[in-house]
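Visitor: I would like a close look at one helix and the parts around it. Could you walk me through it in one go?

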Amino acid sequence: MSLSIDLHSHSTASDGTLSPSELILRASEKGVDVLALTDHDTTEGIEEAKSAAIRAGICLIPGVEVSVTWNAQVVHLVGLGVDPGNPSLQQGLATLRAFRDWRAEEIGRRLEKSGIAGSYEGARGYSNGRLISRTHFARFLVEKSYAPDTRKVFKRYLTRGNPGHVPGQWAALEEAVSWIVSAGGQAVLAHPARYNLTRTKLRRLIREFRDVGGEGIEVVSGSHSRDENFTMARHTMDFELKGSCGSDYHGPENPWTELGRLEPMPDGIKPVWSDWVQLQQAASA
């Protein structure tokens, strides 16, 4: 039996727009059999998602997306199959959330100086009192007509050289991998084509990631083109890593990214789920 697998998604526990239960329902409606909930720097939504997944008959993989600073570049690692109760993981994530709290306030201050009032409060409203991300600021600025969509907001206000940009101070690569591995998970380099690195720099990142215990690369991503999927497959095989796939779904407001629509994994890739007992059970159910 062929399973529909999506190992990268977000809920309102971070910057998604669907609650964990709503996310599971959406995944079920789109024919997804296996879903990983991988909110940014938090595992808060996993318990709710577990209950919903049991009702929906979906195999839920507990996960997290960890923010990393590598060579002055922000990159993300997806942790798959983590134990949300692991102290090392939770202590590490808590330090990242503390920085996120400060960063959100600083973004608000910087946007205020540029003439945009109330952005911190507006972003906090979109976050439902949880983790505040740049995406929440983007939604507020779209609401106030500073840009037609969130992509334009990032380009005009929230990236380097723009009024609301605040440099990240995230986990070191080795540190983030160690949190994931200590929690019993597999560390996967998320959407690598999005970082706009040269081939040389990307391969350096992949090599360092592998050498500190990284296990896989997100070969198929909702933000990758078909050609990029094949390019990342080649890097995965070159470094003898496993391949993962994930939509990076954030909600129905982003029609270019949907659950259940991922391209197939290129031939020759050993998937990260190749040894997962729960997938063998799901396939035989």
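Guide: Gladly, and one definition comes before the tour: a residue is buried if its relative accessible area is under 20%, exposed if over 50% and partly exposed in between, with a 1.4 Å probe and protein chains only. Helices are DSSP runs of H or I with at least four residues and strands are runs of E with at least two, numbered from the N terminus. This is a predicted model, in which local features need pLDDT of at least 70 and side-chain atom pairs count only at pLDDT 80 or more, while totals for chains, interfaces and linings use all residues. Residues are numbered from 1 along each chain as its sequence is written, and side-chain values use heavy atoms, leaving out hydrogens and water.

Our helix is α3, residues 87-113. The expected span of a helix is 1.5 Å times one less than its number of residues; for the 27 residues of α3 that gives 39 Å, which agrees with the 39 Å between its end C-alpha atoms.

Which residues of α3 are buried? They are L89, G92, L93, L96, F99, R100, R103, A104, E106, I107, G108 and L111. With contact meaning heavy atoms within 4.5 Å, these buried residues pack against β3, α4 (119-126), α5, α6 (150-158) and α7 (173-182).

Take α5 (residues 134-143) as a partner: its axis and that of α3 come within 10 Å and cross at roughly 35°. Here axes are lines fitted to C-alpha atoms, for helices over the stretch in contact, and angles run from 0 to 180 degrees between N-to-C directions. The crossing of α3 with α5 is right-handed, that is, the near helix is turned clockwise from the far one by less than a right angle. On the α3 side, R103, A104, I107, G108 and L111 meet R134, F137 and L141 of α5. This contact has five nonpolar, one polar and two charged residues, where Ala, Val, Leu, Ile, Met, Phe, Trp, Tyr, Cys and Pro count as nonpolar, Asp, Glu, Lys and Arg as charged, and the others, Gly among them, as polar.
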